[in-house]
Amino acid sequence: MERWRGTVVAPADLELPLVGVPEGTDIELDLRFESVVEGVLVSGTARTTYTGECARCLEPISSPVEVGLQELFAHPGPDVGEDESLLEGDLLDLEPVLRDAVLLELPQSPVCSEDCPGLCATCGVRLAEAGPEHRHDSADPRWAGLAGLYERMTNENEDRES
Ligand SMILES: [Zn+2]
Ligand SMILES: [Zn+2]
């Protein structure tokens, strides 16, 4: 069994809509390579940092992430399925494996903190900064007449139906 530790850099497009690992970010790998009958079994961990924005309040966020990797790189042969990883000469192409593992681990809806209150639906201010007192007088008096009109019409319709 061989052990390999080292640092690689993130490839392009390692990202989901809201978060990703920027191209060139260090990815620390700690891998074990085991020779098995079918080929080489690779397992280990990858550590890196993702950045993005909070799904609720859009603040920038950045967080370390660690993913487990395991993949069998098979010797080319008639029994190997199309979507299996292949040994090409002595080379292992780890990038697709790393990419899949990292993308699976990234949060679909990242938040800056678990209790992030998000943005005010009316004015868009960050509620975490605006504080619990932040609110708007929802009923603008100029619209009150219209609301009354709507109510009267609804009642009239009901009267007619009955
Ligand atoms: Zn937030
Ligand atoms: Zn507001």
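Is Asp30 buried or exposed? Asp30 counts as buried, because its relative accessibility is 13% and buried means under 20% relative accessible area, with exposed over 50% and partly exposed in between, for a 1.4 Å probe and protein chains only. The structure is a predicted model, in which local features need pLDDT of at least 70, side-chain atom pairs count only at pLDDT 80 or more, and totals for chains, interfaces and linings use all residues. Residues are numbered from 1 along each chain as its sequence is written, chains are lettered from A and ligands numbered from 1 in the order in which they are written, and side-chain values use heavy atoms, with hydrogens and water left out.

Asp30 lies in strand 3, residues 26–36. Strands (E, at least two residues) and helices (H or I, at least four) are DSSP runs, numbered from the N terminus. The side chain of Asp30 makes a polar contact of 2.8 Å with that of Arg3. A polar contact is a pair of N or O atoms within 3.5 Å; within protein, one must be able to donate a hydrogen and the other to accept it, and residues adjacent in sequence count only if both atoms are side-chain atoms. Leaving aside residues up to four places away in sequence, Asp30 touches Arg3, Trp4, Arg5, Ser43, Gly44 and Thr45, where contact means heavy atoms within 4.5 Å.

Next come the paired strands. Strand 4 (residues 39–53) and strand 5 (residues 60–74) run antiparallel and are joined by 15 bridges; two strands pair if DSSP finds at least two bridges between them. Gly52 has Ile61 of strand 5 as its bridge partner. The two strands form a hairpin with six residues between them. Strand 5 also pairs with strand 6 (residues 85–86), in the parallel sense and over two bridges. There, Ala74 is bridged to Leu86 of strand 6.

The loop between strand 4 and strand 5 holds Leu58, whose phi is near 65°, a positive value in a residue other than glycine. Most residues other than glycine have a negative phi. Leu58 is partly exposed, at 47% relative accessibility. Asp13 is another non-glycine residue with a positive phi, of about 60°. Asp13 sits in the loop between strand 1 (2–9) and strand 2 (19–20), and its relative accessible area of 58% makes it exposed.

The zinc ion (ligand 1) is coordinated by the SG atoms of Cys54, Cys57, Cys112 and Cys116, at 2.2 to 2.3 Å. Donors are N, O and S atoms within 2.8 Å of the metal (3.2 Å for Na, K and Ca); water is not among the atoms, so sites may look incomplete. The angles among the four donor atoms are 105 to 115°, and the site is tetrahedral, a label given to four donors if all angles lie between 85 and 135 degrees. The donor residues follow the spacing C-x2-C-x54-C-x3-C in sequence. Distant parts of the chain are linked here: Cys57 is in the loop between strand 4 and strand 5, and Cys112, 55 residues apart from it, is in the loop between helix 1 (95–105) and helix 2 (127–130).

Cys54 is buried at 0% and Cys57 is buried at 5%, whereas Cys112 is partly exposed at 34%. Cys123 is also partly exposed, at 43%. With a disulfide taken as a pair of cysteine sulfur atoms within 2.5 Å, the count is zero disulfides.

Key. Tetrahedral: all angles 85-135°; square planar, octahedral: opposite > 155°, others 65-115°.
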